[in-house]
Amino acid sequence: SVGLAAGFHNFVEQYAVYSVLTVPGSLPGGKLAAWISAWFGAPGPFSVLILLPLLFPTGRMVSARWRLVAWLALVVTVLFLALTALRPGPLENFMFLDNPLGVRALSALSGRSITESLLPLVPIVVTASALSWASLAVRYRRSDGNERAQLKWFLFAVSFAVLVFPL
């Protein structure tokens with residue numbers, strides 16, 4: 001799902017670039033595509049940071065009480081998407097286009113960047129992410145055999161990515 005979302009995001013962004021910048025007016029819905037690309041990139045990082053550790057490797061959570069973490073991730077993602085999609089003023093990735101669905105009640109957000117506007121959500125994201133990664137430790141302690149080996153390989157790949165990504 002993360003790959004499909006990233007592919008869709010890249011498609012609408014390039015569609016908007018072509019129909020709004022490269023050959024203006026050549027394709028219908030260029031401004032709509034620019035608006036979609038301005039907010040649609042959010043679900044991918046939240047899914048990878050929070051949902052992947054919760055569901056790996058079985059596709060189910062360790063127990064029912066971990067659903068709260070998934071709900072936190074869902075609420076934060078929906079809030080992020082709504083605030084980004086309805087924020088008045090210029091679009092973040094197409095600064096010369098105003099948000100066609102900007103809500104005036106959110107005009108206090110229009111003078112700030114998206115990052116500054118969404119700063120209050122950061123503690124919730126960090127908490128949900130830390131809890132989801134803690135679920136891997138719980139899963140590891142309860143596992144044996146194949147599942148434990150899968151978790152070891154997964155954590156090896158994640159630690160390698162964490163070390164290489166900054167470079």
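K31 is exposed in this predicted model. Its relative accessible area is 58%. Exposed means over 50%, so K31 passes the cut-off. Where does K31 lie? It lies in helix α2.

Now look at what surrounds K31. Leave aside residues up to four places away in sequence, and K31 touches V20 and L97. Take L21 next. K31 and L21 are 10 residues apart in sequence. In space, they are 10 Å apart, C-alpha to C-alpha.

Helix α2 covers residues 30-39. How many of its 10 residues are buried? The count is 7, so α2 is largely enclosed by the rest of the structure. Buried here means under 20% relative accessible area. Find the buried residues in the model: G30, A33, A34, W35, I36, S37 and W39. K31, in contrast, is exposed.

What do the buried residues of α2 pack against? Their partners are α1, residues 2-22, and α4, residues 67-86.

Follow the pairing with α4. The two helices, α2 and α4, pack at an angle of about 145 degrees. Their axes are 8 Å apart. The crossing is right-handed. From α2, the contact uses W35, A38 and W39. From α4, it uses L81, T84 and A85. Of the residues in this contact, 5 are nonpolar and 1 is polar. No charged residue takes part.

Technical notes:
Residues are numbered from 1 along each chain as its sequence is written. This is a predicted model: local features need pLDDT of at least 70, side-chain atom pairs count only at pLDDT 80 or more; totals for chains, interfaces and linings use all residues. Side-chain values use heavy atoms; hydrogens and water are left out. Buried means under 20% relative accessible area, exposed over 50%, partly exposed in between (1.4 Å probe, protein chains only). Helices (H or I, at least four residues) and strands (E, at least two) are DSSP runs, numbered from the N terminus. Contact means heavy atoms within 4.5 Å. Axes are lines fitted to C-alpha atoms, for helices over the stretch in contact, and angles run from 0 to 180 degrees between N-to-C directions. A crossing is left-handed if the near helix is turned anticlockwise from the far one by less than a right angle, and right-handed if clockwise. Ala, Val, Leu, Ile, Met, Phe, Trp, Tyr, Cys and Pro count as nonpolar, Asp, Glu, Lys and Arg as charged, and the others, Gly among them, as polar.
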